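Welcome! Please take a moment to look over the sequence and the structure, then try the exercises below.

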Amino acid sequence: MAGHKYAQVRDHLLQRVRSLPVGERLPAEGVLCGEYDVSRITLRRAVDELVQDGYLVREHGRGTFVSHPRYNLKHRERFVNEVTGFHTQLTRQGHTVTSQVTVQRGERAGARIAAALEVSPATPVIRLERLRSVNGVLHHLAESYVEEARFPDVLTADFTDISLYAHLRARHDVLLVRNEIVVGLHRCDTREAGLLDVAEETPLLLATSRVFEPGRKPVIFGTSKFLPDTAELSFDIVADAE
């Protein structure tokens with residue numbers, strides 16, 4: 001699929017750019033299209049993302065040049081053919097993302113989780129809650145739910161240095177293609193305040209999401225509660241052109 005090809009080009013270009021000195025000019029667009037055997041639209045999507053993340057800079061009439069990446073801890077959820085999530089996106093930017101698992105247990109879905117995952121309220125699910133840090137600095141509190149019968153190993157897997165998304169892809173060959181996100185504000189309770197080391201009732205940016213595989217089957221339901229000084233969600237809505 002086009003989105004997969006775009007992601008492969010972007011990842012390869014990122015590794016290539018990291019090996020070049022700042023100020024180095026990239027080959028012309030037509031040359032890169034030939035190297036990667038992709039259309040100009042696919043190539044531009046890959047380059048646009050690296051420009052947005054600060055690895056490249058465009059100069060009108062001159063070309064595209066290697067730049068200093070911005071030290072940016074803000075989460076950009078991009079709507080492409082594969083949903084990658086926070087961990088992968090920041091790792092690609094050169095940051096170190098780690099998680100402290102605070103809850104990892106099985107429970108009944110209940111009405112709210114069942115509605116989100118489109119299962120019965122009695123369905124066993126796994127609740128996975130993690131404190132996420134970037135470069136050793138606490139960033140947000142993430143909570144995810146998946147069906148236990150389908151993904152029983154989530155109950156015992158080590159999520160310190162790997163994301164749930166990556167685990168499902170590697171162990172279960174699950175392709176996540178859509179992330180349905182609702183953003184709002186949330187005032188943290190006593191427990192959350194203790195975990196995030198903030199005052200009770202501190203306003204947090206709350207992102208509630210349902211992540212789907214092909215066929216519109218919801219696979220993950222979760223929330224992320226972001227600290228206000230590092231929180232930003234950026235949505236890039238891109239229509240597939242290939």
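**Exercise 1.** Find out how far the model's confidence reaches, and which elements have the lowest and highest mean pLDDT.

*Solution.* Next, go through the elements: strand E3 (residues 75–79) has the lowest mean, 47, while helix H5 (residues 110–117) has the highest, 96. Finally, look at residues 77–82, where pLDDT stays under 50. The model has 33 contacts beyond four places in sequence for residues 77–82. Where pLDDT is low, the predicted coordinates should not be read in detail.

**Exercise 2.** Work out how H2 and H3 are oriented to each other, and which residues make their contact.

*Solution.* First take the geometry: the two helices pack at an angle of about 100°, and their axes lie 10 Å apart. Angles of 65 to 115 degrees count as roughly perpendicular, so H2 is roughly perpendicular to H3. Now list the partners: H2 brings Glu29, Gly30, Leu32 and Cys33, and H3 brings Arg40, Leu43 and Arg44. Sorted by class, this contact has 3 nonpolar, 1 polar and 3 charged residues.

**Exercise 3.** Describe the largest pocket: its volume, and what lines the pocket.

*Solution.* Begin with the space, about 190 Å³. Then turn to the lining, which includes Arg25, Pro27, Leu32, Leu43, Val47 and Thr64. Helix H2 (29–36), helix H3 (40–52) and strand E2 (63–66) each supply at least two lining residues, with the largest share, 3 residues, coming from H3. To finish, sort the lining by class: 6 nonpolar, 2 polar and 4 charged.

Notes
Residues are numbered from 1 along each chain as its sequence is written. This is a predicted model: local features need pLDDT of at least 70, side-chain atom pairs count only at pLDDT 80 or more; totals for chains, interfaces and linings use all residues. Side-chain values use heavy atoms; hydrogens and water are left out. On a 1 Å grid over the protein atoms alone, a cavity is a set of points where a 1.4 Å probe fits but cannot get out, and a pocket is an open set with protein on both sides within 12 Å along at least five of seven lines; lining residues have an atom within 4 Å of a point. Grid points are joined across faces, edges and corners, and a volume is the space filled by probe spheres set on the points. Helices (H or I, at least four residues) and strands (E, at least two) are DSSP runs, numbered from the N terminus. Ala, Val, Leu, Ile, Met, Phe, Trp, Tyr, Cys and Pro count as nonpolar, Asp, Glu, Lys and Arg as charged, and the others, Gly among them, as polar. Axes are lines fitted to C-alpha atoms, for helices over the stretch in contact, and angles run from 0 to 180 degrees between N-to-C directions. Angles under 35 degrees count as roughly parallel, over 145 as roughly antiparallel, 65 to 115 as roughly perpendicular and the rest as oblique. Contact means heavy atoms within 4.5 Å. pLDDT is the predictor's confidence in each residue, from 0 to 100.
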